[in-house]
Amino acid sequence: MSCCPPGSLPALEIDSYAAKGAEIDLPGVEGLKAYVIGEEGKPAVIVNYDVFGFGRPAPEVGGGRVREVCDLLAASGLYVVLPDYYRGDNVVKAGKADSGEAIFGWIAEFGVADTEAVVKASVSFCQSKGAAKIGAIGFCWGGWLCMRSASSPEIDLSCIVLLHAAPGAEGVVGGSAEALCDTVKLPTLNLPSNQEPPEVLPGGLFEKKMGEKGIEYECVYFEDMAHGWVTRGDMADANTARDVPKAIELTKAFLHKHLK
C-alpha cells in the first residue's frame with residue numbers, strides 16, 4: 001500500500017527561485033512553521049504539500065515548486081498559508097523515498113489528530129487575518145488531507161482543489177480510498193495525472209459519489225502527466241511546461257469562484 005504510485009516523479013531540487021513570502025510560527029501549534037504570503041483581509045487558501053515537504057531552497061532537497069505555487073496564488077489576490085506538517089522533515093531527509101511502502105510507513109508517523117489540529121490552527125490563523133472564506137489545495141499526500149478536511153464538520157472550508165491527489169493514504173488510518181471518496185462534502189476541483197488510482201480518474205467512484213450528493217465536482221484529466229507533475233515535473237519538457245501553468249490557472253479560477 002502506498003500514497004504514491006510506481007513511477008511517480010522524484011523530488012525536484014529548486015535552487016533558482018526566490019520565494020516572496022515569509023516563514024512564521026503558526027499560532028496554536030507549538031514548534032510548527034508556516035510559509036505565508038498575500039494581503040490580509042483577502043480570501044485565504046491553505047496549501048497542503050506532498051511528501052517532499054516544505055520547499056526550502058537548495059541545498060535542502062524537497063518541496064519543488066510548492067512555494068512558487070503559493071506565490072502565484074497570492075499574486076491572484078489570495079492570502080496563502082503553507083503549514084509545515086512534517087516540522088522540517090520530508091521523505092528524502094528521512095531516507096524513506098526509495099519505495100512506496102517506505103513512504104507509506106513514514107507518513108503514518110504523522111497522526112490524523114496532529115494533522116487535523118494543524119489544519120484547524122491554519123483556518124483560525126486565516127480568520128484572524130480577516131479571511132471570510134477559506135479554501136484548501138493539496139498535492140499527493142496533501143490532497144488526501146484536503147479530502148479528509150472536506151469531510152469534517154469541524155473544519156471551516158469552502159472548497160478544495162486536488163492536484164495529483166493520493167486518496168490511498170487513507171490506509172494510514174485503516175480506511176480506504178473508496179470510503180474516503182464518499183465522505184467529501186465540499187465543492188471540489190480534481191486534477192489527476194495518468195497515474196492516479198481509478199477512484200479519482202474521470203468517471204470514477206469519486207465523481208459518481210459527488211454526483212449522487214449533488215456537490216459541485218470538476219475533473220480535468222492531465223493524461224500526459226505523471227504523478228507529482230505540478231510541483232516536481234521538469235519544465236524543460238514541453239508537455240510539462242504546458243500543463244503546469246494550466247493546472248495553476250484552473251486552481252486559481254476555482255478558488256476565486258468559491259471564495260468570493
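Me: Where does Thr251 lie, and why is Thr251 called buried?
Reply: Thr251 lies in helix H8 (residues 238-259), where helices (H or I, at least four residues) and strands (E, at least two) are DSSP runs, numbered from the N terminus. Buried means under 20% relative accessible area, exposed over 50%, and partly exposed in between (1.4 Å probe, protein chains only). Thr251 has 3% relative accessibility and therefore counts as buried. The model is predicted: local features require pLDDT of at least 70, side-chain atom pairs count only at pLDDT 80 or more, and totals for chains, interfaces and linings use all residues. Residues are numbered from 1 along each chain as its sequence is written, and side-chain values use heavy atoms, with hydrogens and water left out.

Me: What makes the approach of Thr251 to Ala247 a polar contact?
Reply: The backbone oxygen of Ala247 lies 2.8 Å from a polar atom of the Thr251 side chain. A polar contact is a pair of N or O atoms within 3.5 Å; within protein, one must be able to donate a hydrogen and the other to accept it, and residues adjacent in sequence count only if both atoms are side-chain atoms.

Me: Which residues does Thr251 contact, leaving aside its neighbours within four places in sequence?
Reply: They are Leu73, Ile137, Val161, Leu163, Leu189 and Leu191, contact meaning heavy atoms within 4.5 Å.

Me: Why is helix H1 described as largely enclosed?
Reply: Seven of the 10 residues of H1 (residues 66-75) are buried, so the rest of the structure largely encloses this helix. Among the buried ones are Arg67 and Leu73.

Me: What makes Arg67 a charge over a ring?
Reply: The criterion is NZ of Lys or CZ of Arg within 6 Å of the ring centre and within 35 degrees of the ring normal. Arg67 lies over the face of Phe54, at 4.5 Å from the ring centre.

Me: Why is the pair of Tyr86 and Phe110 called tilted?
Reply: A search of the whole structure finds 12 aromatic pairs. In the pair of Tyr86 and Phe110, the ring centres are 4.6 Å apart and the planes stand at 40 degrees, so the pair is tilted. Rings of Phe, Tyr and Trp (its six-membered ring) pair if their centres lie within 6.5 Å; planes under 30 degrees apart count as stacked, over 60 as edge-to-face and the rest as tilted.

Me: How is Phe110 known to be buried?
Reply: Its relative accessibility is 12%, so Phe110 counts as buried. Trp106 and Phe110 also form an aromatic pair, which is edge-to-face, at 5.0 Å centre to centre and 70 degrees between the planes.
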